[in-house]
Amino acid sequence: MSGLRYVYAVCRPFGTPLPAQLTGVAGVPPKQLVHGELVAVVGQVPEEDFAEGPLRAHLEDLDWLGATARAHQNVIDALTVVTSPLPLRLATVFRDDSGVRSMLEEREETFLRTLDRLGGRVEWGVKVYSEPTEATEPAEASPKPASGRTAGSGRDYLRQRRNQRRESEEKWERAEEFSRRLHESLSGYAEDTRIHAPQNSALSRAPGRNILNAAYLVPRTESEAFVELVDRTKDDAPGLRVELTGPWAAYSFSGEDT
C-alpha cells in the first residue's frame with residue numbers, strides 16, 4: 001500500500017468482514033493492519049492532500065472538511081456494526097505502516113484497557129429541547145404615545161410582563177425537572193454517562209432551547225430497553241421535544257484526544 005496512512009480507529013481483531021462496497025476518505029476502502037492484539041483500520045490517502053502543509057490548509061476549507069468527516073464517519077459506522085471500535089481523531093495520518101505500528105506499540109496498554117471497557121457497548125445520545133413559543137408582547141409591539149397612556153394601562157402592562165416572566169420561569173423549571181428525571185431513568189441502563197454543554201441553537205440550527213445534552217454508554221444487550229424508555233417518555237411533557245441519536249461508536253467515552 002503506497003501513500004500516507006489514514007487511521008480511522010483501533011479495535012480488537014474481528015472476524016466479520018466490512019461491507020465490500022465500503023469506501024472511506026479519498027474514496028479508498030479501509031483495510032485492517034494487525035499488530036499483536038490490536039487492529040488499526042487504515043486507508044491510503046495522497047500526500048498532496050494529507051501531508052502536513054496541505055492538510056493544514058484543507059482543514060480551513062469547510063466543504064473539504066465536511067466531505068472528509070462524512071467519509072470518516074461512514075467507516076466508523078460500519079465498524080460499529082461488527083465490533084466496538086475506538087475511533088481516532090479526524091485526519092490522524094502517518095507516513096507508512098511502520099508509523100502506525102509504532103503508535104499501536106507505544107499506546108498498546110491504554111488501547112487494550114479502553115477497548116476492554118468499551119467492548120459490547122455503544123453510545124446513545126439524548127437531547128431535550130424546550131419548544132419555541134411565539135412571544136406575545138402587544139404592549140411593546142404597539143406602544144401608545146406617552147401622553148395617551150393611563151395609569152391603569154401602565155399597571156396592566158406591568159402585570160402582563162410579570163405574568164409572562166412567571167410563566168417562563170415555571171416552564172423552565174418543569175423542563176429542567178423532566179430532564180433530570182429522564183436522565184436518572186436512562187442512567188439505570190448505562191454503564192457511564194456524559195453531560196455535555198447545551199447546544200447553541202444558532203450553531204446547531206435546532207429549534208428550541210437545548211436543556212439536556214447527554215451521552216450514555218449502554219451495553220448492546222440493554223439498548224432495546226433504553227430506546228423503548230426514550231420512546232415512552234417523548235409525549236410525557238407537552239412543549240418539550242426529546243431527540244435520540246445512535247447507536248454510535250463510544251466517542252464520548254473513548255478518552256481519545258489524538
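Guide: A residue counts as buried when its relative accessible area is under 20%. Keep that cut-off in mind for this model, which is predicted.

Visitor: How many residues of strand S1 are buried, and why is the strand called largely enclosed?

Guide: In S1, 8 of the 8 residues are buried, so the strand is largely enclosed by the rest of the structure.

Visitor: Which strands pair with S1, and in which sense?

Guide: S3 is one of the partners, antiparallel to S1 over 7 bridges. One example is Val10, whose bridge partner in S3 is Ala40. Strand S5 (residues 93-94) also runs antiparallel to S1, joined by 2 bridges; there, Arg5 stands opposite Phe94. Strand S4 (residues 86-87) is joined to S1 by 2 bridges, again antiparallel, and Ala9 has Pro87 in S4 as its bridge partner.

Visitor: Where do the side chains of a strand point?

Guide: In a regular strand the side chains alternate between the two faces of the sheet.

Visitor: Take Thr68 in helix H3. Is Thr68 buried or exposed?

Guide: Thr68 has a relative accessible area of 7%, so it is buried. Leaving aside residues up to four places away in sequence, Thr68 touches Tyr6, Val25 and Leu90.

Visitor: How do I read the order of strands in a sheet, and what is the order in the open sheet of 4 strands?

Guide: The order lists the strands as neighbours across the sheet. Here it is S7-S8-S6-S9, with antiparallel pairing. Strand S7 (192-195) and strand S9 (240-248) are the edge strands, each pairing on one side only. On average, neighbouring strands of this sheet are turned by 15° against each other, direction ignored.

Visitor: How many bridges hold S6 and S8 together?

Guide: Strand S6 (residues 121-130) and strand S8 (residues 209-219) pair over 10 bridges, in the antiparallel sense. Lys127, for instance, has Asn213 in S8 as its bridge partner.

Visitor: Which helix packs on that sheet, and which strands does the helix touch?

Guide: Helix H5 (residues 108-118) does, touching S6, S7 and S8. The direction of H5 makes about 65° with that of S6.

Visitor: What does the secondary structure of the protein come to overall?

Guide: It comes to 9 helices and 9 strands. As for contacts between residues at least 6 apart in sequence, 79% join residues at least 24 apart.

How values were computed:
Residues are numbered from 1 along each chain as its sequence is written. This is a predicted model: local features need pLDDT of at least 70, side-chain atom pairs count only at pLDDT 80 or more; totals for chains, interfaces and linings use all residues. Side-chain values use heavy atoms; hydrogens and water are left out. Contact means heavy atoms within 4.5 Å. Two strands pair if DSSP finds at least two bridges between them. Axes are lines fitted to C-alpha atoms, for helices over the stretch in contact, and angles run from 0 to 180 degrees between N-to-C directions. Buried means under 20% relative accessible area, exposed over 50%, partly exposed in between (1.4 Å probe, protein chains only).
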